[in-house]
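Take a walk through this protein with the structure open beside you.

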Amino acid sequence: ILYIIFTQFGTSSKYNNVAKKTNIAGWNGPNDPHILVAWEWDMEKGEAYMKKIEEKTGTHITITQYVGFCVARAIHNMPDFNGRLGFGNYYSRERVDVSYLVTLNGGRDQTIVNMENSDIKSLDQIAKELNELVHKANTNKYPGQKTRGFLLSFVPTFLLEPILFLIGYITTNLYCSIPFLGARKNEFGTCLIYNVGLLGIEHAYAPIPPTANPVLLVTIGMAVKKAVVVQDEIKIRKTVNMTLSLDHRYTDGARAMVTYKKFVQYLNDPEGMIALDEAALKAAEAPKATNEIHQMKFT
């Protein structure tokens, strides 16, 4: 009772919001290794593709939505990377779920929304669905948001820390949902995206939340115009600083670079990469179809 009175109505109560309490309870000292990758992305080709989709579908496309589309496609056929940990073992996922960090209440609080099966959705589908998820989060209608909000607001941080880690362990390691807490299995999926450019930040490195357990986190900086060298000529281009934070438990540096390169290829040439993936899928299915035909003839 004294704790609630002091934290909710005391002089420091205005600073003990949900985001602040989650940070205190959910983080420890830096003892887990991350693989960090940073680069400057020339937006010209990606922006042209976004405009093409906008004209075709009438749906406005943002950088955040485009990055979510590209990263999901990039790790679609990487079962050794798209997975989860449980009981000290690695388990691959069939689909790629992508989460997005959303700011609420004018930046005072934050929440995470999750989009399932992002790797098989078109860019305009991702844009429409993400807009709906963000709207639900801003109106406190996202699944489990009210329950979690109550828990995070009134539970003391020294109790909240083990609770958050237990929830993360059950939903990720045990792959089970906790309905009465509004926590779903695979709550945060494979990838978490945070657009710090919306806060006016050009470049940032973000750590992976230990209670969320995504494989990687993508940070998007603010788009700015810069002079860049293109085919030995200086041109003014719109660029974005991007960073990847990867959990070293899932991958090593060499495999991380494969993921990074494929992600960049999708950012720069999504149509070409989609065509390559579709061709590879058809080539992989061809022997299966041939075997089925032979079996039918034999029968």
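Asn 77 counts as partly exposed, because its relative accessibility is 42% and that class lies between the 20% and 50% cut-offs. Keep in mind that this is a predicted model. Asn 77 sits in the loop between H4 and strand E2 (83–86). Which residues does Asn 77 touch, not counting residues up to four places away in sequence? They are Lys 262 and Asp 277. Now find Asp 119. Asn 77 and Asp 119 are 42 residues apart in sequence. In space, their C-alpha atoms are 9.4 Å apart.

Helix H4 covers residues 63–74, and it packs with helix H3, residues 44–57. The axes of the two helices are 11 Å apart. The packing angle is about 100°. Angles of 65 to 115 degrees count as roughly perpendicular, so that is the term for H3 and H4. Who makes the contact? H3 supplies Gly 46, Tyr 49 and Met 50. H4 supplies Ile 63, Tyr 66 and Phe 69. Sort the residues of this contact by class, and you get 5 nonpolar, 1 polar and no charged residues.

Move on past strand E2. Phe 87 lies in the loop between E2 and strand E3 (89–92). Is Phe 87 buried or exposed? It counts as exposed, because its relative accessibility is 58% and the cut-off for that class is over 50%. Phe 87 still has partners from elsewhere in the chain. Leaving aside neighbours within four places in sequence, Phe 87 is in contact with Tyr 169, Asn 173 and Leu 174. Look at Asn 173 in particular. Phe 87 and Asn 173 are 86 residues apart along the chain. Their C-alpha atoms are separated by 6.6 Å.

Asn 173 takes us to helix H7, which runs over residues 157–173. H7 has 17 residues. From its first C-alpha to its last, H7 reaches 23 Å. That is close to the 24 Å expected at 1.5 Å a residue. Which residues of H7 are buried? They are Leu 160, Leu 164, Ile 167, Gly 168, Thr 171, Thr 172 and Asn 173. After the helix comes Tyr 175, and its phi is positive, near 60°.

Leu 152 belongs to helix H6 (residues 145–154). Leu 152 counts as buried, because its relative accessibility is 12% and the cut-off is under 20%.

Next, follow the chain to strand E8 (224–230) and the loop that joins it to E9. Gln 231 lies in this loop. Phi of Gln 231 is near 50°, a positive value in a residue other than glycine. Asp 232 is found in the loop between E8 and E9 too. Asp 232 is not a glycine either, yet its phi is positive, about 65°.

At 13% relative accessibility, Asn 241 counts as buried. Its contacts, leaving aside neighbours within four places in sequence, include Trp 39, Glu 40, Glu 202 and His 203. Thr 219, Ile 220, Gly 221 and Lys 226 are also among them.

One more stop. Thr 251 is found in the loop between E9 and helix H8 (253–268). Thr 251 is buried, with a relative accessible area of 7%. Again leaving aside neighbours within four places in sequence, Thr 251 is in contact with Ile 35, Phe 81, Leu 246 and Ala 256.

Now step back to the whole. The protein has 9 helices and 9 strands. How much of the protein is buried? Buried residues make up 45% of its 299 residues. The accessible surface comes to about 16300 Å², and 58% of that belongs to carbon and sulfur atoms. Finally, take the contacts between residues at least 6 apart in sequence. Among these, 65% join residues at least 24 apart.

Note on methods:
Residues are numbered from 1 along each chain as its sequence is written. This is a predicted model: local features need pLDDT of at least 70, side-chain atom pairs count only at pLDDT 80 or more; totals for chains, interfaces and linings use all residues. Side-chain values use heavy atoms; hydrogens and water are left out. Helices (H or I, at least four residues) and strands (E, at least two) are DSSP runs, numbered from the N terminus. The expected span of a helix is 1.5 Å times one less than its number of residues. Buried means under 20% relative accessible area, exposed over 50%, partly exposed in between (1.4 Å probe, protein chains only). Axes are lines fitted to C-alpha atoms, for helices over the stretch in contact, and angles run from 0 to 180 degrees between N-to-C directions. Angles under 35 degrees count as roughly parallel, over 145 as roughly antiparallel, 65 to 115 as roughly perpendicular and the rest as oblique. Contact means heavy atoms within 4.5 Å. Ala, Val, Leu, Ile, Met, Phe, Trp, Tyr, Cys and Pro count as nonpolar, Asp, Glu, Lys and Arg as charged, and the others, Gly among them, as polar. Accessible areas come from the Shrake-Rupley method with a 1.4 Å probe; for residues, only the protein chains shown count as cover.
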